[in-house]
Every structure is written in structure tokens, then in C-alpha cells.
Amino acid sequence: MLQVIVLGSAAGGGFPQWNCNCALCRRARAGDPKVRRRTQSSLAVSSGDGKWFLLNASPDLRKQIDDNPDLHPDPEVTRHSPIMGAVLTNADVDHIAGLLNLRESQPLAVYATPRVHAVLDRNTVYRVLNPAYVDRRPLELERRTELAGKDGIVNGLAIEPFSVPGKIALYLEDPSLDNLGSAAEDTIALKVTERATGKSFFYVPACASMPPDLAERLSGADLVFFDGTVWKDDEMIATRTGKKTGGRMGHMHLAGKDGSVAAFAGLGVKRKVFVHINNTNPVLAEDSPERAFVEAAGWEVGYDGMRVTL
Ligand code: MLT
Ligand code: MN
Ligand code: ZN
């Protein structure tokens, strides 16, 4: 049984974002029941054996563990965690800062591409993840990897990492270089497969466009969690919350002819869930026409604590 929990469904900054007074952040902060609060981007996945891998480690991980009893320590053991490790899809703050919560000498395995590992290696604060307890394991693009805990015991899940259109982490951008100095390994997506059943899903939390090879890969999938950052490409500019387009931030927008809803229309994906949703995206409001539009197109808007079993 392949189990997924959406630990955090918001993009970087969360919802409401600490310094934002956009219309949606105001509603969320006021406790409007149609506009649920959300923590930053992460999933947890298990093959039903009580052991979990994090897919990205959000700055809100401490709250996410607290909110999800599946991730609590075994009550019989003084120090324990059902979290076996984490897989990172890029080096953005919203996907790596949570590793710092996992620093209490707990055996873990952290999987990432060599480019993303190099970012952690250069940031000395990550040395709090004591190498005696925490393995850093490289992922190779297009190569299936069995997830295993620090003890080397596989937990029944395999991942296939693949590159998607995107960019290097914000704080590493070099405007003098082509695509800001980004390489294929900087933004990956995952196909997660349960060995025993062959069931699988895709996790694509950041994606700048839908080239034909990606569309083909996702075709017919049972379940895809996809980048839901912005509704419109110029949304941050229009809401006066920022200067960048979605595309400039490495995120495909949802709406319109060149948006993700249209791009998925012919792909036959059985269940489609938006994650990594920015606080300016109107689909966050359950009473918005944009929410009605995506739901009519067969999409679900991910929320914290959402569970999917395949
Ligand atoms: C993004 O997804 O664009 C980044 O997480 C932005 C950020 O680092 O805040
Ligand atoms: Mn992000
Ligand atoms: Zn906002």
C-alpha cells in the first residue's frame, strides 16, 4: 500500500506569509474557513510499513511532524523516529531548511543530486547533521534508486529522479550565465514506485514548462503532484507582491493556453493534485472562480494533512 501525506502544500513563505498582506494572506490570517492556512512544500511517503521518507524538508517540518501522528516517535522508545530520511528535489530554502530540524543524532539518509549535495556541503550549518548518523547519498538522473534507511534496509520504495525545466536555487542565481547558471540536476522531479505492488506516482513540485517528453512521461499516470505556484504568470506583479513572473521563478502558471491545466488536458492522468501553491494564487480560496475552474478540469488543490493511498 503506497501512502502519501501532503505535509505542506504552500510554496516558499507558506500561507499566510509572514510579511504579506495580499488579499489571500489577510483572509488566511483572519481564520477565514474558506482559505485554509498552509505550511511549506513537502510530502511524506511510505509503503505501509510504518517507515516514512520525506520528499523535501520544509522549514515548517517541526510543525508538520507534530501535526501528523504517523511521524511521531514510537511511545515505547526513548529516542526514535519513523522518518528514515529525505529526498530533495532542489536546493531552495523551502525544500532544504527542514533538514536542520533533524539534527538530534538520529540515523537518516538524505538523497539528492550531486549539485544539490554540493550546496549542503558548502553550507557549514548542515554539519549539524552529524555524518556518523546521517548518510548523504547521490541520486543519478534517470537511474532507479531503492530508498533505504541509514541501516541500509530498503523500505519497499524506489525513486526515479529526472530533470524538469527549472532553475538553480534563488540565492545561487548568476545573472551573467545562461539560465542563471542552472544545470539539469538543479531541479528534479521523482517517480516513486512501491516495489510490492508496482503502484507509482509522480512528484513535480517545481516545473517551468511542459515539454513533450515530460508530457509523455506523465501520460496515463495514476497520480501526479504538480507545481501549483501561480495562477497567472504575472500574478506577483499584478498583486504588487513581487517583481518576477512565474516563469522567471522557474514555475509554470496554471491558467491559460500555455498553463498547466491546459497542458494536462489530454494526458489521461487519473488524479492530479496541485502542491507548492504560492500565497497569491486565487485557487487557495475555496469560494473563488479559479478554484471552481481547476476542479472542473479534474484537479485537486492540495492541503496540509491530505492523504492519498494507492
Ligand atoms: C521557489 O520555489 O521559487 C523558491 O522556493 C523561492 C524561494 O526560495 O523562496
Ligand atoms: Mn519553492
Ligand atoms: Zn500573500
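A salt bridge is a side-chain nitrogen of Lys or Arg within 4 Å of a carboxyl oxygen of Asp or Glu. The views below come from a predicted model, in which local features need pLDDT of at least 70 and side-chain atom pairs count only at pLDDT 80 or more, while totals for chains, interfaces and linings use all residues. Residues are numbered from 1 along each chain as its sequence is written, chains are lettered from A and ligands numbered from 1 in the order in which they are written, and side-chain values use heavy atoms, with hydrogens and water left out.

**View 1. A salt bridge between Arg-115 and Asp-186.** The side chains of these two residues meet with N and O 2.7 Å apart. Helices (H or I, at least four residues) and strands (E, at least two) are DSSP runs, numbered from the N terminus. Is each partner buried or exposed, or something in between? Buried means under 20% relative accessible area, exposed over 50%, and partly exposed in between (1.4 Å probe, protein chains only). Arg-115 counts as partly exposed because its relative accessibility is 32%, whereas Asp-186, at 6%, counts as buried.

View 2. By the same rule, the count comes to 18 salt bridges. Arg-27 is partly exposed, at 25% relative accessibility. In another, Glu-295 pairs with Arg-291, their closest N and O atoms being 3.4 Å apart. Glu-295 is partly exposed at 43%, but Arg-291 is buried at 7%. Look also for the network in which salt bridges that share partners join Arg-27, Asp-32 and Asp-287.

**View 3. The zinc ion (ligand 3) and its donors.** Which atoms coordinate this zinc ion? They are the SG atoms of Cys-20, Cys-22 and Cys-25, together with OD1 of Asn-279, at 2.2 to 2.3 Å. Donors are N, O and S atoms within 2.8 Å of the metal (3.2 Å for Na, K and Ca); water is not among the atoms, so sites may look incomplete. The arrangement is tetrahedral because the four donor atoms subtend angles of 101 to 117 degrees; four donors count as tetrahedral if all angles lie between 85 and 135 degrees. Along the sequence, the donor residues are spaced C-x1-C-x2-C-x253-N. Cys-20, in the loop between strand 1 (3–8) and helix 1 (23–29), is 259 residues apart from Asn-279, in the loop between strand 12 (272–275) and helix 8 (289–296). Cys-20 is buried at 8% relative accessibility, and Asn-279 is buried at 2%.

**View 4. The largest pocket.** Its volume is about 740 Å³. A pocket is an open set of points on a 1 Å grid over the protein atoms alone where a 1.4 Å probe fits, with protein on both sides within 12 Å along at least five of seven lines; lining residues have an atom within 4 Å of a point. Of the 34 lining residues, Gly-12, Leu-170, Met-236, Met-249 and Asn-278 are the closest to the centre.

Definitions and conventions: Tetrahedral: all angles 85-135°; square planar, octahedral: opposite > 155°, others 65-115°. Points joined across faces, edges and corners; volume = space filled by probe spheres on them.
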